[in-house]
Amino acid sequence: MRKYSDYNEWYLEVIEKAALSDKRYPIKGMNVWTPYGWKIMSFIDSCIKKELESTDHDEVLFPLLIPETEFRKEKEHIKGFDTEVYWVTHAGLDPLDVKLVIRPTSETAMYPIFSLWIRSHQDLPLKIFQIVNTFRYETKQTRPFIRVREIHFFESHTCHATEEEAQCQIEEDLEILRKIASQLCMPYYLFTRTEWDKFPGAHYTVGIDTVMPNHKILQLGSVHHYRTNFSIPYNITYEDENGEHKYVHQTTYGMSERLIGATISVHGDDKGLCLPPTIAPFQIVIIPIPGKDTKNDVIKKSEEVLLRLQKAKYRVKLDNRNIRPGNKYFDWEIKGVPLRLEIGIRDIDNNVVTFVRRDNGEKGTILLNSLESGIDSVLKEIIKSMDEKAWKFQREAIMSITATNDIPTDTESTKLKIYRFGWCGDSTCGHEFERICNIKILGTPYFPEDYKGKCIICGKETTTPAYAARTM
Ligand code: ZN
């Protein structure tokens, strides 16, 4: 397996060997969630749920089907989705009077109902989320977790009295993102998308991007400020303190199963998957190393360690299959289990367990007397170094350029980078840049950066850098 030299092949191989997804389902781009893959996704979902609930978002569940009449209310939104939605056209044998869209996202399902839920300023802010599957007819080549037609994702939708309050929500969303990402040891960039690349119907869009081993960008999710762009067509109004009727200001925030695709890609290596302890179905695997006459002692001690760690609420597995320890190491390395404990007679004599870290192969011992606290500090150390390593790779992927010919024209070039350059902000220059370089402008940094330079196209002085990259 060759992560850096042949990322595309490597990615599919890891998914297959670690049994994360089954792509043999007879609809392209609709893969089967296998037990191991679904367990990881469930840990990610619960981490998302925890952060949203702790910031007063309530979970809801809206229907999957949306009447065409509601779907067509916001013009820009439709332009963005018309070519990629699935339709339900019949009920039994009868054609439907009003066709039904299978949700590609839920604005048009939720907002007619929001207009009934919200009456006065006391109903605001409204903050809800749902974790559901959504459907988009993807025409490009599909890839498990990264480009699929049935997408598992969370979407949060909020309504506020004023534009400023909606803006505060965006800041809260980015803080929620920071917490979720730190659990996944996942680095990310935040870019305000260009006008021509923002979400259909949005006032502005912040893209959440991460870099893949081939230096292409994977968008993990996005945050949108809608202002009143949706509340006007859907008539979502409230009565303020003075009895005046006003339109609400809205935001949305969503991230998808691409978080798994990114976890595989960012942390995996040539031995397979490498999971952060926070989302690993098993955080620890215990491998007994029996000698000729020590089998009983070793098994007994392994079971004792298992019980202690289960009691301490770790997700732990004792592998007592009747195969060689080396084969067991191999299997659990592919599965990405963060920590392996080995217990042999010498460990028992010394009153220790031997540990091997999955992330960097580091080996050491933990005293049995302080097993739980020893494990705790090793797992914390793993999270810290996985996080640092991933952020370092992302930082080093950036290259500052002053001329368009610094970008290789070969779309699969191994010298590809994330490019930072001056841009006057004019859309003519932006389009010209994308055309010449055959590359996408990711946007300008959401949090302003110190910059002084010239627009890469027209040469005008600018204090704003833009970033561009090829995308997955
Ligand atoms: Zn310019």
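**Close-up 1. Arg143 in the loop between β7 (126-135) and β8 (150-160)**. Strands here are DSSP E runs of at least two residues and helices H or I runs of at least four, numbered from the N terminus. The model is predicted: local features need pLDDT of at least 70 and side-chain atom pairs 80 or more, while totals for chains, interfaces and linings use all residues. Residues are numbered from 1 along each chain as its sequence is written, and side-chain values use heavy atoms, without hydrogens and water. Arg143 is buried at 19% relative accessibility (buried, under 20% relative accessible area; exposed, over 50%; partly exposed, in between; 1.4 Å probe, protein chains only). Beyond neighbours within four places in sequence, Arg143 contacts Asn8, Tyr11, Leu12, Val148 and Met472 (heavy atoms within 4.5 Å).

**Close-up 2. Edge-to-face pair of Tyr86 and Tyr137**. The ring centres lie 6.0 Å apart, with 80° between the planes (rings of Phe, Tyr and Trp, its six-membered ring, pair if their centres lie within 6.5 Å; planes under 30 degrees apart are stacked, over 60 edge-to-face, the rest tilted). Tyr86 belongs to strand β5 (residues 86-91) and Tyr137 to the loop between β7 and β8, so the pair ties together parts 51 residues apart in sequence. Tyr86 is partly exposed at 22%, as is Tyr137 at 39%.

**Close-up 3. Edge-to-face pair of Tyr188 and Trp391**. The centres are 5.6 Å apart and the planes at 65°. Tyr188 sits in the loop between α6 (163-184) and β9 (189-192), and Trp391 in helix α11 (residues 371-396), 203 residues apart. Tyr188 is buried at 14% relative accessibility, whereas Trp391 is partly exposed at 27%.
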